[in-house]
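Biologist: I've never read a model like this before. Could you walk me through it one feature at a time?

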Amino acid sequence: MRNKHVAHKKRNPRPSATGASSPASASPRTRSASGASASRTGDAQATSGKKRKPHRFRPGTVALREIRHYQRTWKHLIPAASFIRQVRAISQNLAPPHISRWTPEALVVIQEAAEDFLVQMFGDAMLCAIHAKRVTLMQKDIQLARRLGGYGRPW
């Protein structure tokens with residue numbers, strides 16, 4: 001079966017005896033102006049309508065960059081409004097109805113403690129996953145970390 005693409009003709013490396021300039025003896029600038037090298041680079045893609053694929057990093061590169069970024073920052077990871085809403089809902093379920101007021105400082109302290117607890121628990125769970133020769137964190141790793149680390153409910 002013949003190749004679909006047109007094969008390039010053999011070019012004579014020596015200039016012709018008549019002295020006429022052939023495409024092989026032309027300078028690279030004149031060849032690119034004539035379109036010989038342009039057809040090899042990317043004009044075929046432009047005429048067929050295909051777009052160039054966007055750049056993608058290798059798996060794990062962006063994750064490591066995000067880890068370094070969040071280790072440098074000190075801001076809260078959980079949005080404050082949704083965290084405060086959950087704290088108020090839990091306190092209404094567990095406390096008597098007349099205790100429903102929180103100072104802003106108390107809410108910030110609770111949020112910092114909750115985020116620190118979650119980071120430590122996910123770190124322990126990741127160690128469980130690595131011990132199982134996996135890089136993917138699974139639910140059973142979190143359950144094992146909670147059981148071994150005493151992260152269960154104290155009541």
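Biologist: What share of the 155 residues of the protein counts as buried?

Modeller: Buried means under 20% relative accessible area, exposed means over 50%, and partly exposed lies in between (1.4 Å probe, protein chains only). Here, 9% of the 155 residues count as buried. Keep in mind that this is a predicted model: local features need pLDDT of at least 70 and side-chain atom pairs count only at pLDDT 80 or more, while totals for chains, interfaces and linings use all residues. Residues are numbered from 1 along each chain as its sequence is written, and side-chain values use heavy atoms, with hydrogens and water left out.

Biologist: And how much accessible surface does the protein have?

Modeller: Accessible areas come from the Shrake-Rupley method with a 1.4 Å probe, and for residues only the protein chains shown count as cover. For this protein the total is about 14,400 Å², with 59% of that belonging to carbon and sulfur atoms.

Biologist: How many helices and strands are there?

Modeller: Both are DSSP runs numbered from the N terminus: H or I with at least four residues for helices, E with at least two for strands. This protein has 7 helices and 0 strands, so from the N terminus on, the order reads α-α-α-α-α-α-α.

Biologist: Let's pick α6. What length does it reach, and what is expected?

Modeller: The expected span of a helix is 1.5 Å times one less than its number of residues. With 28 residues, α6 reaches 41 Å from its first C-alpha to its last, close to the expected 40 Å.

Biologist: Which residues of α6 are buried, and what do they pack against?

Modeller: They are L107, Q111, E115, M121, A125, C128 and A129. These buried residues of α6 pack against α5 (80-94) and α7 (139-149).

Biologist: What is Q111 in contact with?

Modeller: Contact means heavy atoms within 4.5 Å. Leaving aside neighbours within four places in sequence, Q111 touches H76, I78, P79, A80 and F83. Q111 counts as buried because its relative accessible area is 4%.

Biologist: What about K133: is its phi positive or negative?

Modeller: Most residues other than glycine have a negative phi. Phi of K133, though, is positive, near 60°. K133 follows α6 and lies in the loop between α6 and α7. Its relative accessibility is 77%, so K133 counts as exposed.

Biologist: Last one: which residues form a nonpolar patch on the surface?

Modeller: Patches are made of residues with over 30% relative accessible area and no salt bridge; like charges are joined within 9 Å, nonpolar side chains (Val, Leu, Ile, Met, Phe, Trp, Tyr) within 5 Å. Here F117, L118, F122 and L137 form one, with about 310 Å² of accessible area together. L118 is found in α6 (residues 104-131), and at 32% relative accessibility it counts as partly exposed.

Key. Salt bridge = Lys/Arg side-chain N within 4 Å of Asp/Glu carboxyl O.
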